[in-house]
Amino acid sequence: MTISSRTAVSAARAPVPVESSGPASGPLVDRFGRVHRDLRISLTDRCSLRCTYCMPEQGNEWLARTSILTVDEIVRIAGVAAAAGISTFRLTGGEPLLRRDIVDVVRRLAALRSPDGTPVELAMTTNGIRLPELLPELVDAGLARLNISIDTLRRERFAELTRRDRLDDVLAGIRAAQAAGLRPLKLNAVAMRGVNDDELVELVEFAMAHDAQMRFIEQMPLDAGHTWDRAQMVTRDEMLATLGRRFALTPVPGRGGAPAERWEIDGGPHTVGVIASVTAPFCGACDRMRLTADGQFRNCLFSNQEYDLLPVLRDGAGGGTDLAVDDVLRSCIAGKLPGHAINDPSFLQPARGMNAIGG
Ligand SMILES: Nc1nc2c(ncn2[C@@H]2O[C@H](COP(=O)(O)OP(=O)(O)OP(=O)(O)O)[C@@H](O)[C@H]2O)c(=O)[nH]1
Ligand SMILES: C[S@@+](CC[C@H](N)C(=O)[O-])C[C@H]1O[C@@H](n2cnc3c(N)ncnc32)[C@H](O)[C@@H]1O
Ligand code: SF4
Ligand code: SF4
């Protein structure tokens with residue numbers, strides 16, 4: 001079934017300002033002093049895989065095609081964000097490489113400049129499947145960094161976990177990225193108990209052999225089926241215990257706003273990262289905003305509120321100007337909470353799954 005996302009989550013949406021609050025006023029600082037410099041742009045909710053922790057096997061409620069932002073709309077929003085101090089843009093999804101206009105999106109976003117004239121940084125998180133055919137054009141268009149997701153190196157396990165038999169395509173994508181020389185190249189794996197937690201060392205060795213940084217992610221309650229089970233989640237401490245039995249791990253300082261804590265492996269140069277959103281949240285240093293494929297700003301992965309840009313972009317709300325876009329952005333930042341509350345009994349999983357929020 002196809003539904004409009006406006007129908008699906010409109011109850012949680014904040015009103016769009018009808019008037020501009022005036023010229024953009026300085027950096028994007030929230031009520032807790034966090035300066036926002038990173039915008040994650042979801043290009044689509046569709047995907048070539050069906051990872052169990054992200055999407056249901058069947059029956060996903062896709063965003064209405066008419067609500068999906070065009071490349072012109074994406075570039076316009078990103079331009080306003082860049083003028084307001086966003087300097088890093090990450091393309092995600094769903095699977096960003098499924099967008100037919102992906103090279104155009106990359107070329108036009110990579111051309112954006114910060115107010116001081118420096119080029120913005122453009123990165124992408126992908127399952128890697130279309131990389132061999134697209135990477136030369138993407139690099140030429142200005143893509144600077146790549147993170148590729150790979151949860152297992154075993155074919156049958158991969159097919160079970162992603163519900164698609166496409167491990168060879170992902171491996172080809174990783175080889176293409178290695179050959180293209182984009183650095184640092186990062187590999188992501190969600191660690192799952194009894195599924196791939198016996199493969200952590202193997203994955204690290206695989207990453208090192210490809211001159212990449214392996215990162216293990218605690219599973220978050222963001223699957224479209226709302227089936228997250230805390231007991232299945234492999235914790236940061238468990239991951240470190242497993243890795244520590246095989247490697248000498250030395251903490252890498254200077255994490256900043258990055259989700260991953262990192263450790264040097266056996267004295268370097270390679271490192272391994274852990275993204276512990278559940279047991280060791282990093283919200284205090286959060287510098288991120290999100291834009292969904294259907295034109296909603298979100299101030300947190302776990303937020304239940306969205307800030308709708310479509311009325312400004314398509315119906316002329318607030319005069320339909322860039323200032324009105326800036327207002328929606330600043331309203332979203334003003335509404336940001338100090339952090340998520342996964343560990344509270346009252347925690348409510350967002351209505352959207354990870355593929356529709358943008359991971
Ligand atoms: N809780 C939380 N998780 C995040 C955030 N940003 C990214 N993640 C998660 O971190 C994992 C890896 O995300 P990536 O898309 O590779 O991005 P990243 O780790 O921020 O990328 P880098 O800029 O290379 O550090 C995914 O599971 C994301 O959902 C965040 O702000 N909060
Ligand atoms: C949603 S995906 C989108 C980009 C691309 N399709 C990919 O898989 O890399 C972005 C990242 O989110 C991660 N992710 C998805 N669902 C998750 C969950 N429930 N908990 C933690 N990470 C998750 C994926 O492993 C991936 O690294
Ligand atoms: S994690 Fe990425 S590859 Fe897997 S289903 Fe979600 S969007 Fe697709
Ligand atoms: S959970 Fe929300 S506040 Fe915390 S780091 Fe992630 S996006 Fe930022």
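A polar contact is a pair of N or O atoms within 3.5 Å; within protein, one atom must be able to donate a hydrogen and the other to accept it, and residues adjacent in sequence count only if both atoms are side-chain atoms. Keep that definition in mind as we walk through the structure. This is a predicted model, in which local features need pLDDT of at least 70 and side-chain atom pairs count only at pLDDT 80 or more, while totals for chains, interfaces and linings use all residues. Residues are numbered from 1 along each chain as its sequence is written, chains are lettered from A and ligands numbered from 1 in the order in which they are written, and side-chain values use heavy atoms, with hydrogens and water left out.

Let us start with ligand 1. A residue is near a molecule if one of its heavy atoms lies within 4 Å of it. Around ligand 1 there are 19 residues, and Arg 40, Thr 125, Lys 186, Arg 215 and Arg 288 come nearest. A polar side-chain atom of Arg 288 sits 2.7 Å from an oxygen atom of the ligand, and Lys 186 also places a polar side-chain atom 2.7 Å from an oxygen atom of ligand 1. The side chain of Asn 188 has an N or O atom 2.8 Å from an oxygen atom of ligand 1.

Asn 188 leads us on to ligand 2, where a polar side-chain atom of Asn 188 is 3.2 Å from an oxygen atom of that ligand. Ligand 2 is surrounded by 18 residues, the closest being Tyr 53, Gly 94, Glu 95, Ser 149 and Met 220. Gly 94 uses its backbone: an N or O atom there lies 3.0 Å from a nitrogen atom of ligand 2. A polar backbone atom of Thr 126 lies 3.2 Å from an oxygen atom of ligand 2.

Now look at the helices, which are DSSP runs (H or I, at least four residues), just as strands are runs of E of at least two, both numbered from the N terminus. Helix α2 (residues 71-83) packs with helix α3 (residues 102-110) at an angle of about 25°, with their axes 10 Å apart. Axes are lines fitted to C-alpha atoms, for helices over the stretch in contact, and angles run from 0 to 180 degrees between N-to-C directions. α2 and α3 are therefore roughly parallel, a term for angles under 35 degrees. On the α2 side, the contact (heavy atoms within 4.5 Å) is made by Val 71, Asp 72, Ile 74, Val 75 and Ala 78, and on the α3 side by Asp 104, Val 105, Arg 108 and Leu 109.

α3 also packs with helix α4 (residues 131-141), at an angle of about 20° and with their axes 8 Å apart. That makes α3 roughly parallel to α4.

Finally, visit some loops. The peptide bond between Arg 183 and Pro 184 is cis, with omega about -5°, and Pro 184 is in the loop between α6 (167-180) and β8 (185-191). Gly 268 and Pro 269 are also joined by a cis peptide bond, with omega near 5°.

Note on methods:
Parallel < 35°, antiparallel > 145°, perpendicular 65-115°, else oblique.
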